[in-house]
Amino acid sequence: MSGGAECRRLFEVAHGRTGDKGNRSNISVIAYDARFFDCLVEQVTEEAVRRVFAHRQPGRIQRFLLPQLAAMNFVIDEVLDGGVNDALNLDSHGKSLAGFLLDMEVRIPPALRGCLP
């Protein structure tokens, strides 16, 4: 990305939803404005998500792009401490994981600054 990019938190340009099944979490990231989608695809990668959740030692991470919705869905294995029936943590469903991901920093290129809220 070119110089002059502005750093913002992901939650400023996108919202998220979380679901779970067993020890797997699904996290959707949906751009508020479709003009941000390409910028987010470039930065919110499987590798970036792995760094965000490194403390939880996730297994496989897959990203599925939904450009018609300006969204992406991440499927993260082995991130819920065994799942609802096995986990001792307070958020065994992983509902807060989307919020945690949305706190990551993203660079907004100069051309999109006028689209920021």
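Since the model is predicted, local features need pLDDT of at least 70 and side-chain atom pairs count only at pLDDT 80 or more, while totals for chains, interfaces and linings use all residues. Numbering starts from 1 along each chain as its sequence is written, and side-chain values use heavy atoms, with hydrogens and water left out.

On to the overall picture. The protein chain has three helices and six strands, where helices (H or I, at least four residues) and strands (E, at least two) are DSSP runs numbered from the N terminus. Going along the sequence, these elements come in the pattern β-β-β-α-α-β-β-α-β. Of the chain's 117 residues, 46% count as buried; here buried means under 20% relative accessible area, exposed over 50%, and partly exposed in between, with a 1.4 Å probe and protein chains only.

Four strands make up an open sheet in the order β2-β3-β5-β4, with antiparallel pairing; two strands pair if DSSP finds at least two bridges between them. The edges are β2 (14–21) and β4, each of which pairs on one side only. Neighbouring strands of this sheet are turned by 15° against each other on average, direction ignored. For that angle, axes are lines fitted to C-alpha atoms (for helices, over the stretch in contact), and angles run from 0 to 180 degrees between N-to-C directions.

Pair by pair, β2 and β3 run antiparallel over eight bridges, with His-15 standing opposite Ile-30 in β3. Strand β3 (residues 24–31) in turn pairs with β5 in the antiparallel sense over seven bridges, and Arg-24 faces Asp-77 in β5. On to β4 (residues 61–66), which is joined to β5 by six bridges, again antiparallel; Arg-63 has Phe-74 of β5 as its bridge partner. β4 and β5 form a hairpin with four residues between them, and Ala-70 in the turn has a positive phi of about 55°.

Seven of the seven residues of β5 (residues 71–77) are buried, so the strand is largely enclosed by the rest of the structure. Ala-71, Asn-73, Val-75 and Asp-77 point one way from β5, Met-72, Phe-74 and Ile-76 point the other way, and all are buried.

Zooming in on β4, Ile-61 lies in this strand and is buried, with a relative accessible area of 7%. Leaving aside residues up to four places away in sequence, Ile-61 touches Glu-46, Val-49, Arg-50, Phe-74, Val-75 and Ile-76. One of these, Glu-46, sits 15 residues from Ile-61 in sequence and 6.0 Å away in space, C-alpha to C-alpha.

Last, the cysteines. The structure holds zero disulfides, a disulfide being a pair of cysteine sulfur atoms within 2.5 Å. Cys-39 counts as buried at 6% relative accessibility, and Cys-115 is also buried, at 18% relative accessible area.

Conventions: Contact = heavy atoms within 4.5 Å.
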